[in-house]
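Try each task before you read its solution.

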Amino acid sequence: QVQLVESGGGLVEAGGSLRLSCTASGRTSITGGMGWFRQAPGKEREFVAHISGSGPNTYYADSVKGRFTISRDNAKNTVYLQMNSLKPEDTAVYYCAAKVWSNTYNYWGQGTQVTVSS
């Protein structure tokens with residue numbers, strides 16, 4: 001079993017920055033892809049960013065490209081999401097997800113709230 005725990009969310013003014021962390025624990029190291037998703041009130045969960053198992057390949061939603069950066073530290077079993085130039089429309093619950101011996105995201109964190117005030 002794998003547990004993912006996010007941290008780093010909070011309230012920030014528009015234009016500010018936050019860094020989210022997601023640490024995995026359990027019986028296996030996360031060697032597969034990891035990603036961040038978000039869900040705003042009244043909206044469906046949407047993809048934000050993905051990083052491959054080895055780290056060099058990253059993918060971003062168009063809405064965050066150039067502002068957010070995903071990275072990972074495999075030694076710490078942790079993935080990060082650096083969010084810069086935050087906008088009110090970035091307000092959402094952010095979820096970490098991992099692919100553990102799977103081609104799909106099969107483990108999810110509980111989410112962390114990010115609120116951007118205008």
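**Exercise 1.** Find how many disulfides the structure holds, and which residues form them.

*Solution.* Start with the count: the structure holds 1 disulfide, where the term stands for a pair of cysteine sulfur atoms within 2.5 Å. The partners are C22 and C96, with their sulfur atoms 2.1 Å apart. Strands here are DSSP runs (E, at least two residues), numbered from the N terminus. Then look at the handedness: the torsion about the S-S bond of C22 and C96 is about -75°, so this disulfide is left-handed. Finally, C22 and C96 are both buried (buried means under 20% relative accessible area, exposed over 50%, partly exposed in between, with a 1.4 Å probe and protein chains only).

A word on the source: this is a predicted model, in which local features need pLDDT of at least 70 and side-chain atom pairs count only at pLDDT 80 or more, while totals for chains, interfaces and linings use all residues. Residues are numbered from 1 along each chain as its sequence is written, and side-chain values use heavy atoms, with hydrogens and water left out.

**Exercise 2.** Work out the strand order of the open sheet of 4 strands.

*Solution.* The order is 1-3-8-7, with antiparallel pairing; two strands pair if DSSP finds at least two bridges between them. Strand 1 (2–7) and strand 7 (68–73) are at the edges with a single partner strand each, so one side of each has no neighbour in the sheet. Now trace the pairings. Strand 1 is joined to strand 3 (residues 18–26) by 6 bridges; L4 has A24 as its bridge partner, and V5 stands opposite T23. Another 6 bridges join strand 3 to strand 8 (residues 78–83), where L20 stands opposite L81.

**Exercise 3.** Which residues form one aromatic cluster, and how do F37 and F47 pair?

*Solution.* The cluster consists of F37, F47, Y105 and W108. Rings of Phe, Tyr and Trp (its six-membered ring) pair if their centres lie within 6.5 Å; planes under 30 degrees apart count as stacked, over 60 as edge-to-face and the rest as tilted. F37 and F47 are edge-to-face, 5.7 Å centre to centre with 75° between the planes. F37 is buried at 12% relative accessibility, whereas F47 is partly exposed at 32%. F37 also forms a tilted pair with W108, at 4.9 Å and 55°.
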